[in-house]
Amino acid sequence: VIAGGPPLEVSLERGVLVEGRVVGPDGNPVPGAAVTIEEDLPYRFDFSAPRVRPVRTDEDGKFLLRGVPPRPCKLSVSPPAEYLEPEPERLRLTAPLTGHVVRLEAGAWIEGIAREHPSQTPLPNAPVLIRFGEHVRNLRTARNGSCRCAVVPGPIVVQAVDASDSEHGPKEDGGFQGDAQANETLRGVTVWFIRKDLLRPEDLQ
């Protein structure tokens, strides 16, 4: 704004509502999924483009996004670990969108546990990395040290990960490799950690 210059004009654009549900392969609601939407731009970054605050689905799998620009947008869903993350969905918005359904998939699952070596104590909140196909997924174990994750059928690799907020680091050769079969759960996966004060310096690099 320049003193003595012309009045500053601000143009406001009315956004639209996007309302819908996130459901699993069986049609049941998926609570706790993060839903975001942004303009579908031909270039990657545009700091002037409006941003819509992400929301999480409620117990009925429902979400409501307000102030969405009425233009081509991308709707993205980051689901709980039991489901695969879908590709962003392109929407051409010219009016409020209601009753939109996002259906998640899960081709196979793995179940496992993180343990401390040599005590075999289950480790809660342990950082675990899972590779399958071209995908990489990071997660933390539950309070009892267990984890469950959706994967694409085929070869998988499960690894312990070093984290600054953990007293444990990955044990050498403490990961898991195997094959996940379609529509089945691969159980018995174990990843091993060791206390950092017992690791060699080269293991922490």
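How many nonpolar, polar and charged residues does the lining of the largest pocket have? In this predicted model, the lining comprises seven nonpolar, two polar and three charged residues.

The largest nonpolar core consists of 23 residues, and the most contacts inside it are made by Ile-110, Ile-130, Val-151, Ile-156, Val-158 and Phe-193. Two or more residues of this core come from each of strand S8 (108-116), strand S9 (127-132), strand S11 (146-151), strand S12 (154-160) and strand S15 (185-195).

No disulfides are present in the structure. The sulfur of Cys-147 has its closest cysteine sulfur in Cys-149, at 7.6 Å, and this pair is therefore too far apart for a bond, given that a disulfide requires sulfur atoms within 2.5 Å. For Cys-149, likewise in no disulfide, the nearest cysteine sulfur is that of Cys-147. Cys-147 has a relative accessible area of 13% and is buried. Cys-149 is also classed as buried, because its relative accessibility is 0% and the cut-off for burial is under 20%.

Technical notes: Residues numbered from 1 in each chain as written. Predicted model: local features only at pLDDT ≥ 70, side-chain atom pairs only at ≥ 80, totals over all residues. Heavy atoms only, no water. Core = buried A, V, L, I, M, F, W, Y, C linked by side-chain atoms within 4.5 Å. Buried < 20%, exposed > 50% of the residue type's maximum accessible area, 1.4 Å probe, protein only. Helix = DSSP H or I, 4+ residues; strand = E, 2+ residues; numbered from the N terminus. Nonpolar A, V, L, I, M, F, W, Y, C, P; charged D, E, K, R; others polar.
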